[in-house]
2 protein chains.
Amino acid sequence: MKEQGEKYVSSTQISKQINIDASQIAKDLSYLHVSGRTRVGYEVDALIEELEHFLGFTDMHKAFLFGVGSLGDALLRDSGLHHFGLEIVGAFDVKPELVGRVVNGVPVYHSDEFEEKMKTCGVNIGVLTVPINIAQEITDKMVAGGIKAVWNFTPFRIRVPEYIVVQNTSLYAHLALMFNRLNERIQKI
Amino acid sequence: MKEQGEKYVSSTQISKQINIDASQIAKDLSYLHVSGRTRVGYEVDALIEELEHFLGFTDMHKAFLFGVGSLGDALLRDSGLHHFGLEIVGAFDVKPELVGRVVNGVPVYHSDEFEEKMKTCGVNIGVLTVPINIAQEITDKMVAGGIKAVWNFTPFRIRVPEYIVVQNTSLYAHLALMFNRLNERIQKI
């Protein structure tokens, strides 16, 4: 709407665009430091700024990525992550053919170098894309090194101390779920 | 465990490995056509076969990908998807510099060619990685063309007829969630 030159937007308009109840939108937006005006709505510029700030997209969050396999490599190449505030400043692996390489501007270090790199890089977030059988071991290493949040792309349920944030995003679990629901539908027809 | 030469596995052993209650595991596995033997457990080979079948990982599911931007390109390069049963047989975009290219073995067609390709390819699944402002439009096109399931990587809540399966996997929404929780923790300390 900003691109279209709109100055104001109402919760009803947002509702139509993103297919969520207008009352829910008004309720959600009440958590922000913006207030809508009756019959006019929210100021578009202020709303964007407040939302991006609230969602953490304006600050850059530095991260390390662990495991430069197929998925790890794909994430290193996804510039969308950077756009939304995640800056992967280094990756770790043990494979000799990967260590020393630079993928989309991100250097790949040997896993043994992690503790040393933690000291200088100011990193809070670890992206976990290792094979499932070492997921816990690498998580333990991350936490011991000072990582505060783990973005877990493995289907493994990692164990962490209470003060560590875990965000699970298992593409392959979602894939299985989709296949299952699709098969059910097809069998019904 | 198969790699380690184990012939049998108990729900207690699985429980320790994946950090889920043994009783829940036994309950879940009761949906499969395998039965554990008291004090011995499940036969490893049979369990793997049944699980892979149940999860839909043994059959290949053909898919088209819509939107060869940064994330779309990354997914085309992730061989993990193929390993778990998703075969992307074609991608669609409108950008002249992309159309005609082949990414990791997958041809990129112009979006206008979609209907024609649907006739010959036997595809049920559409992977949605387009910009948010055309997410609904492209979804409508997919459904009209005969797509049965949409794997939606956009944060947009797409609307589809009741008989269509939608699987939402918004990496950037997960990212926002993680940032938010991380900021809360850091402020507490």
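**Cavities and the A–B contact**

Modeller: A search of the whole structure, which is a predicted model, finds 2 cavities of 30 Å³ or more. A cavity here is a set of points, on a 1 Å grid over the protein atoms alone, where a 1.4 Å probe fits but cannot get out, and lining residues have an atom within 4 Å of a point. The largest cavity holds about 60 Å³ of space, a volume being the space filled by probe spheres set on the points, with grid points joined across faces, edges and corners. Its lining consists of A:L71, A:A74, A:L75, A:D78, A:F153 and A:L171 together with B:L71, B:A74, B:L75, B:F153 and B:L171. Two elements give two or more residues to this lining: α4 of chain A and α4 (70–77) of chain B. Helices are DSSP runs (H or I, at least four residues), numbered from the N terminus. By class, the lining has 10 nonpolar residues, no polar and 1 charged; Ala, Val, Leu, Ile, Met, Phe, Trp, Tyr, Cys and Pro count as nonpolar, Asp, Glu, Lys and Arg as charged, and the others, Gly among them, as polar.

As for the contact between the chains (heavy atoms within 4.5 Å), 54 residues come from chain A and 55 residues from chain B.

On conventions, local features need pLDDT of at least 70, side-chain atom pairs count only at pLDDT 80 or more, and totals for chains, interfaces and linings use all residues; side-chain values use heavy atoms, without hydrogens and water. Residues are numbered from 1 along each chain as its sequence is written, and chains are lettered from A and ligands numbered from 1 in the order in which they are written.

Technical notes
On a 1 Å grid over the protein atoms alone, a cavity is a set of points where a 1.4 Å probe fits but cannot get out, and a pocket is an open set with protein on both sides within 12 Å along at least five of seven lines; lining residues have an atom within 4 Å of a point.
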